[in-house]
Amino acid sequence: MKMRVINFVKRAAAVLLFAPALTLAADVSVNLDKAPVSTEPAALQHGAKLFVNYCLNCHGASYVRYNQLENIGLSEQMIRDNLLFTGEKVGDLMKISMSRADGTTWFGAAPPDLSVIARSRASGDGSGADWLYTYLRQFYRDAERPTGWNNVIFENVGMPHVLWELQGEQVAKVTENADGSKHVELTLAKPGKLSVEEYDKAVADLVSFLVWMGEPVAEKRKAIGTVVLIFLAGFFVLAYALKKNYWKDIH
């Protein structure tokens, strides 16, 4: 009886140990487009404008304050005039008024906070920026969905296509491959306000801003890191020269 209990415990431990790996193995691999992420102030400012106008209604960025946008070249007055619409203060966090309960009721799941979405979406298929860039360009009309929209890489997504006025309306042609997988081909059925190239550039700017939000001090960190490495390299040369001077008589 004791041996049976021990064997059961071993089997249960093995299942728990390998369950995450089995879950990851079951994930479907997706083809992601490479995101042209930019750190140019003009691109980040345009991305901030798109984020506030199209995303911030449902998605918060509760780890970022409005005044941090001064780091991408916006003045306090520009932030007040162009990005604050409902009485927020420049020093406030970029939160939304919609509660998680309301979000769950309206969309089936509470819209996630986007502060670090570009980092959390990274996978073996590509970076989080690649996922976002592909995702925002692959919405299509689907009459069977409650929102009227679906997405190629996020099937049955609860989020509507908030940028549809800019991109237009795409329709999907689904074919089944020999191995049982599906191939989705998108066609632009109704043009939007932007051309395909202009929309791709707008999405790239929005994704660049989302990447920036994940670590607003990334460029400063890299600059400091470069200076530290140069200092360590110089210190190594001096330390090695000092070591040789100390030991020259012994050798």
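Predicted model: local features only at pLDDT ≥ 70, side-chain atom pairs only at ≥ 80, totals over all residues.
View 1. Phe 231 has its place in helix α9, which covers residues 218-247. Together with Ile 224, Val 228, Leu 229, Leu 232 and Phe 235, Phe 231 forms a nonpolar patch on the surface, and the accessible area of these residues taken together is about 630 Å².

**View 2. Packing of helix α6 against helix α8.** Helix α6, residues 128-135, and helix α8, residues 196-214, pack with their axes 9 Å apart and at an angle of about 145°. The crossing in which α6 passes α8 is right-handed. On the α6 side the contact is made by Ala 129, Leu 132 and Tyr 133, while α8 contributes Asp 200, Val 203, Ala 204, Val 207, Leu 210 and Val 211.

**View 3. The salt bridge between Arg 137 and Asp 200.** Asp 200, one of the α8 residues in the contact with α6, also forms a salt bridge with Arg 137, in which the closest N and O atoms are 3.0 Å apart. Arg 137 counts as buried, because its relative accessibility is 17% and the limit for buried is under 20%.

**View 4. The salt bridge between Glu 169 and Lys 190.** The side chains of Glu 169 and Lys 190 meet in a salt bridge with an N to O distance of 4.0 Å. Glu 169 lies in strand β5 (residues 168-176) and Lys 190 in strand β6 (residues 182-191), so the pair ties together parts that are 21 residues apart in sequence. Glu 169 counts as buried at 16% relative accessibility, whereas Lys 190 is partly exposed, with a relative accessible area of 46%. Elsewhere, salt bridges with shared partners join Asp 33, Arg 137 and Asp 200 into one network.

**View 5. The salt bridge between Arg 80 and Glu 76 within helix α3.** The structure holds 7 salt bridges, and one of these brings together the side chains of Arg 80 and Glu 76 at 2.7 Å, N to O. The two residues are separated by about one helical turn because they are 4 residues apart in helix α3, residues 76-83. Arg 80 is partly exposed at a relative accessible area of 40%, and Glu 76 is likewise partly exposed, at 37%.

Definitions and conventions: Residues numbered from 1 in each chain as written. Heavy atoms only, no water. Patch = residues over 30% accessible without salt bridge, like charges linked within 9 Å, V, L, I, M, F, W, Y side chains within 5 Å. Areas by Shrake-Rupley, 256 points an atom, 1.4 Å probe, with all protein chains shown as cover. Axes fitted to C-alpha atoms, helices over the stretch in contact; angles between N-to-C directions. Left-handed = near helix turned anticlockwise from the far one by under 90°. Contact = heavy atoms within 4.5 Å. Buried < 20%, exposed > 50% of the residue type's maximum accessible area, 1.4 Å probe, protein only.
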